[in-house]
Amino acid sequence: MENNLYKSRSIYGCVKDAFNLLNLNILTILKKTWMPAIALAVISTIYILGCKNVMIANLSGQKLSYWILLGFILLAVCETMAQSWLMGKTYTLLNTNSFKENLRKALFITLTNLFLTIVIISISFYSGGTAIAIFVSKHVFSPEKAMSISLIIQLAIMIIGCIFILPFIFSTTKYIMGKDTKFVNIIGKDYHTGIKHLGFILIGQIITMLFYMVIMIVVSLPFMIIFNSYLFNQMGIMNGDSDGMPSYLTFLLIVVSLLTTFLYTYIFVYFYIFCYYIYGAITQQEKEKADIKMKIDKYE
């Protein structure tokens, strides 16, 4: 399914070629990825229903069990496995590696991304909480103002963390695309190459993020309408109002959630293909730079 990968493309070229590859091979992609896509849709729907029940329990003042926390942890593990499965299946269409090798590498990449996300969020919340404690205890700011500054600190740390993660887009894609690539290079020389092209990757992520937001808003609109209707109805029941919703609302919520999250899955597939073209463009740019340097050294 490779489509002239190693080519010096602009960001627009990467976005366009990724969309064209997805569009022209949509049936092949669906045939290869429908199983992990359904798995992710089921896991996401269970998570949504769990969050719904937790919200209702909180509103009604019920005490939550530790089993709920364990359930969410189990869902996170299942989601990590399913996400790795989807990534492995997608890259099997894009490279010559076996599915087993792609799955192994995809699992390492998914776990690395999960670890980095947890670290960044933990540092952000810890820094924000520490800032509030210092500002209030030292009487530097009022609690309200300290809270506002804490939120700014947390946002700044998350932005810095996201910028730190961006070069991994190149290094992890090179890791899964190659045959003999080593995991250590994700944080080594390939990460350094990603840093050199940080602006290129950043602009690409901003463009795709805007694209994601538009698609996600359109796709999730029916689900959000049904979900909010369900929550408002439950809050009305707790306040003494009669149940004004049809009996099949929960079933409808599950069906719409499955369809919505299934479609969301292919946003991830597009992201993998986009990273594939980002990797190809950067690799070609590095090759052209090396060729120019070699010619200059030859004539000196």
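Author: Two residues are in contact, or touch, when heavy atoms of theirs lie within 4.5 Å. With that in mind, glycine 194 touches Pro167, Phe170 and Ile201, leaving aside residues up to four places away in sequence. What you are looking at is a predicted model, in which local features need a pLDDT of at least 70 and side-chain atom pairs count only at pLDDT 80 or more, while totals for chains, interfaces and linings use all residues. Residues are numbered from 1 along each chain as its sequence is written, and side-chain values rest on heavy atoms, with hydrogens and water left out.

Glycine 194 belongs to helix α7, which covers residues 189-196 (helices are DSSP runs of H or I with at least four residues, strands are runs of E with at least two, and both are numbered from the N terminus). At 0% relative accessibility, glycine 194 counts as buried, where buried means under 20% relative accessible area, exposed means over 50% and partly exposed is in between, with a 1.4 Å probe and protein chains only. Phenylalanine 227 is 33 residues from glycine 194 along the chain, and the C-alpha atoms of the two are separated by 41 Å.

One of the residues that glycine 194 touches is Phe170, and Phe170 is among the buried residues of α6. Helix α6, residues 168-177, is mostly covered, since 9 of its 10 residues are buried; these are Phe168, Ile169, Phe170, Ser171, Thr172, Thr173, Tyr175, Ile176 and Met177. Over the face of tyrosine 175 lies lysine 105, at 5.2 Å from the ring centre (a charge sits over a ring if NZ of Lys or CZ of Arg is within 6 Å of the ring centre and within 35 degrees of the ring normal). In a second case, lysine 89 lies over the face of phenylalanine 99, 4.6 Å from the ring centre.

Helix α3 (residues 66-92) and helix α4 (residues 99-137) have axes that come within 8 Å and cross at roughly 135 degrees, the axes being lines fitted to C-alpha atoms over the stretch in contact and the angles running from 0 to 180 degrees between N-to-C directions.

The structure holds 15 aromatic pairs (rings of Phe, Tyr and Trp, the last by its six-membered ring, pair if their centres lie within 6.5 Å, and planes under 30 degrees apart count as stacked, over 60 as edge-to-face and the rest as tilted). In one of these, the rings of phenylalanine 211 and tyrosine 212 have centres 6.4 Å apart and planes at 50 degrees, so the pair is tilted. Phenylalanine 211 forms another tilted pair with tyrosine 270, at 5.5 Å centre to centre and with 50 degrees between the planes. Because phenylalanine 211 lies in helix α8 (residues 198-238) and tyrosine 270 in helix α9 (residues 249-299), this pair ties together parts that are 59 residues apart in sequence. Phenylalanine 211 is partly exposed at 37% relative accessible area, whereas tyrosine 212 is buried at 14% and tyrosine 270 is buried at 4%. Ring pairs link Phe211, Tyr212, Tyr270 and Phe274 into a cluster.

Helix α8 also holds proline 222, which counts as partly exposed at 41% relative accessibility. Proline 222 and isoleucine 118 are 104 residues apart in sequence, and their C-alpha atoms are 31 Å apart in space. In helix α9 there is glutamine 284, buried with a relative accessible area of 16%, and glutamine 284 touches Tyr6, Lys7 and Ser8, not counting residues up to four places away in sequence.

Finally, the whole chain gives these details a setting. The protein has 9 helices and 0 strands, and its C-alpha trace spans about 85 × 60 × 30 Å along the principal axes. Of its 300 residues, 38% count as buried. Among contacts between residues at least 6 apart in sequence, 78% join residues at least 24 apart.
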